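This report walks through one model. Look at the sequence and structure first, then read on.

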Amino acid sequence: MRKPIAALAVATALAVGAVEAQAQDRLVIAGRDAAFGTALARMVEAYQQRNPTVRIERLELPGGPLYERIALNARERARALDVVMLDDIWAPEFMANNWLADLDRLGGVPGTFVKSADAVSRNPVGTGPRFAAPMVGNVAMFAYRGDLLAKHGLQPPRSWTEVATIARTIQEREPGVAGVAFRGIRGNPIVTGFLPILGAYGGEIIDSQGRAALDSPAALAALEQFLALRPLAPRGVETWNATEVREAMEQGRIAMSAEFWPGWAGTLDDASRSRVVGNVNLVSPPGQTRGPAPMLGAWMLGVAADSPNAARALDFIRFVVSPENQKRIAIETGNPPTLAALYADTDLVRQFRWYPAQLQALENAVARPRIAQWNRVEAILGEHLQMALVGQTQPREALAEANREIQRALAR
Amino acid sequence: MRAQNRPWLLLVLLAPAAALFVLLTMYPLARVFLLSFAASDHGFEGARFVGLENYAELLQGRSFRRAAWNTAFFALVATVAEVLVGLGLALLLDRAFAFRRALTLVVLAPYVLSTIVVAAIWRAWFHYDVGFLNNALRAVGLDGVPWLFDPNIALLSIALADVWQNAPFCFLILYAGLRSIPPELYEAARIDGAGAWRRFRDITVPLLTPYLFVAALMRTLDSFKLFDKVYAMTGGGPGNATETLSMHVHRLAFRFFDIGLASAAAVAMILVAGTLGAAYAVQLLRSEAR
């Protein structure tokens, strides 16, 4: 009787040991949904094929919930995540709180990244060690229908007032086509839609001394210009997010988009989905009193500081940002690369004819204010911008109130 | 021997439930209450006592005041509508007619759906360009309604979805109440010459009042916690037209990690919900005493 029991005990111990040993080689990845999610899913699939013994779990979340998941994991020291995908604007908070591992210390990530994306992945910005590797080189572009502008003898807009004039002209002459669109939903989308206009008017959210700076004539002029676009946009633009803008452009229902991310452009020239093949041009956003202010929106990969599988996590990140995989991501999902050399790659330029303009915008891209409280500042501004957009408050009042609340948030 | 005669046995029997109550209800409540007087971004670790500062900031902040107003408005409108619709359905389905059972199942269907599914359905129906509701309006020559992006309509639109989902709950309670009224009362009233309205006013309403009260109170408490429908349908917008207290607390706690301010807002919510709950308990005790 004793022998079988002993054998069973040994077998159980071995099985538990084997499972534990296997469990150690695992990877939990928290990443975005939508086009970013597709890119990450492809990479996980490819990495899994190359490393069949690694147990990989990928969480796919929209931007807001992803931030919450990563921040909660770090604050609770849950050690539940290994690789985290982050918006460049979360980086100051994550790096300041030591939530990300120093990738240089872990072994480094090779590659020459586009300068602006490379800078925000380091702490201090541009000069410090690397805490993240840029995965998607997004920069806010301006999109317009070249065929429609040519048809009505219009030149591409060089200023935001010209955008409004062109939008009005096309709206009057082209039934079923709205002049211009943008993301009007509150929070991050409306703020990122507004920032290129604010920058073009020389306005700032936070000044160089770290004080709220929205209560200014430049910001007011920018907001009034932004609101002037509303009657030229499709009805319901207040609820529009990325999907709505992208689809409206693909279906030929808008002539221009004040903000168009290259990550949305992957299918613009795909005849099976798009009605405007070859007709949409992506360029740097217009200027106004200042030159264009294209906004950086890089998505990066980092290793959670408390990751129990940091070496494996770094290996995965190196895999994703390698030249062959960056090219594959661009070709298969339309997400723009972060390695500078790929913007001259003939295959990619053939598929994405706007890459030279995009690289130029990316090299001149303006990063959002590098402050740890950005998440809160963005939420405050996003709420007041939308209240102005839907007519709940006047522009001057919206900016003054946002400025007061932002100042209070910065002081907390 | 009865347990009441042996206090130690009572204590032993009550201990597990009491321990769970203290651990899962009292401890978190006490913690939230204490944190509401602190500046903290992560529990008590690194927390700083700030007295009533969080409460003062809440009251000064337009977002909180708007969220409180939205919550109260929604709770009132949704509850009244749900109880009235539930009452109408109960009166209708209390009568004998063909396909009554099938109709009862149809009426109850929305109540068994998950809230996120309900929100997805109504978000699609409310779509300005291709939604079912605006298509129906355009089919009869009317203009489409900006259901979710007009700040004056958005909260009412969410209330409409809530009524669709939760009126069946009121129906269930009120239907049970109707079935408990002895039919002899109606027969006697009919013999005495009372018409339908008189029978409804003098028999149905008085005898159904406790059920109406329970339905209204339970729906008020539930509406007061509104979060998921708003989160899925409007995200609190347009502007802050649909932001509720639950969403406000969530944003403060999990987006801003301002745990002190979030705790103060939560305490304010608990006070209101507690008052409503106490009213419910008092009414329950009174009716039991009767």
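Domain 1 of chain A brings 15 residues to the contact, and domain 2 of chain A brings 18 residues. Contact here means heavy atoms within 4.5 Å.

This is a predicted model, where local features need pLDDT of at least 70, side-chain atom pairs count only at pLDDT 80 or more, and totals for chains, interfaces and linings use all residues. Residues are numbered from 1 along each chain as its sequence is written, chains are lettered from A and ligands numbered from 1 in the order in which they are written, and side-chain values use heavy atoms, with hydrogens and water left out.

## Where the domains meet

About 1,400 Å² is buried between domain 1 and domain 2 of chain A, and carbon and sulfur atoms give 59% of that area. Buried area is the accessible area (1.4 Å probe) that two parts lose on being put together, summed over both.

The rule finds one salt bridge across this interface of chain A. A salt bridge is a side-chain nitrogen of Lys or Arg within 4 Å of a carboxyl oxygen of Asp or Glu. A:Arg353 and A:Asp269 form a salt bridge, at 3.0 Å from N to O. On the side of domain 1 of chain A that touches domain 2, helix α15 (residues 355–363) gives the most, with three residues. Helices (H or I, at least four residues) and strands (E, at least two) are DSSP runs, numbered from the N terminus.

## Cis peptide bonds

Most residues other than glycine have a negative phi, and most peptide bonds are trans. A cis bond joins A:Asn123 and A:Pro124, with omega about 0°. A:Pro124 sits in the loop between α6 (115–120) and β4 (133–136) of chain A.

Chain B has a cis bond between B:Gly237 and B:Pro238, with omega about 0°. B:Pro238 is in the loop between α10 (228–233) and α11 (245–255) of chain B.

## Positive phi

A:Arg77 has a positive phi, near 50°. Its loop runs between α3 (63–75) and β3 (83–87) of chain A. A:Arg77 is exposed, at 55% relative accessible area. Exposed means over 50%, buried under 20%, and partly exposed in between (1.4 Å probe, protein chains only).

A:Asn98 also has a positive phi, near 60°. A:Asn98 lies in the loop between α4 (91–96) and α5 (103–106) of chain A. A:Asn98 is exposed, with a relative accessible area of 58%.
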